[in-house]
Amino acid sequence: MAWSATMIGALLGLGTQMYSNALRKLPLMRHPWEHVLGMGLGAVFVNQLVKWDAKLQVDLDKMLEKAKAANERRYMDEDE
């Protein structure tokens with residue numbers, strides 16, 4: 001997953017820079033270093049997004065487990 005996220009981010013950064021140049025009617029590869037910078041920032045952004053999503057899923061699972069335990073204590077203890 002890390003390889004695909006890096007590639008998606010790099011393509012996102014490259015596409016953003018090329019789109020920016022196209023909107024301004026400049027040559028698409030006007031400053032190549034900007035494309036490299038955009039690819040790097042895009043890769044970092046998407047990798048951090050994947051890490052954040054994984055952490056969010058773990059936190060959600062913990063919260064749901066706590067809520068389930070609290071509900072079981074609340075409703076099962078009343079029956080006894």
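Biologist: Which helix is L56 found in, and what else is going on there?

Modeller: L56 is found in helix α2, and keep in mind that this is a predicted model. Helix α2 covers residues 32-79 and gives the most to a nonpolar surface patch, with 4 residues. The patch is made by L12, F45, L49, W52 and L56, and it comes to about 520 Å².

Now for the charged side chains. K55 and D59 both sit in helix α2, 4 residues apart, or about one turn of the helix. Their side chains meet in a salt bridge, at 3.0 Å from N to O. The count for the model comes to 1 salt bridge. D59 has a relative accessible area of 29%, so it is partly exposed.

E34 belongs to helix α2 too, but here the picture is another one. E34 is buried and yet has no salt bridge. The nearest side chain of opposite charge is R24, and R24 is 5.0 Å away. What E34 does have is a polar contact of 2.9 Å, side chain to side chain, with Q17.

Conventions:
Residues numbered from 1 in each chain as written. Predicted model: local features only at pLDDT ≥ 70, side-chain atom pairs only at ≥ 80, totals over all residues. Heavy atoms only, no water. Patch = residues over 30% accessible without salt bridge, like charges linked within 9 Å, V, L, I, M, F, W, Y side chains within 5 Å. Areas by Shrake-Rupley, 256 points an atom, 1.4 Å probe, with all protein chains shown as cover. Salt bridge = Lys/Arg side-chain N within 4 Å of Asp/Glu carboxyl O. Helix = DSSP H or I, 4+ residues; strand = E, 2+ residues; numbered from the N terminus. Buried < 20%, exposed > 50% of the residue type's maximum accessible area, 1.4 Å probe, protein only. Lys, Arg positive; Asp, Glu negative; His and termini not counted. Polar contact = N/O pair within 3.5 Å; in protein donor to acceptor, adjacent residues only side chain to side chain.
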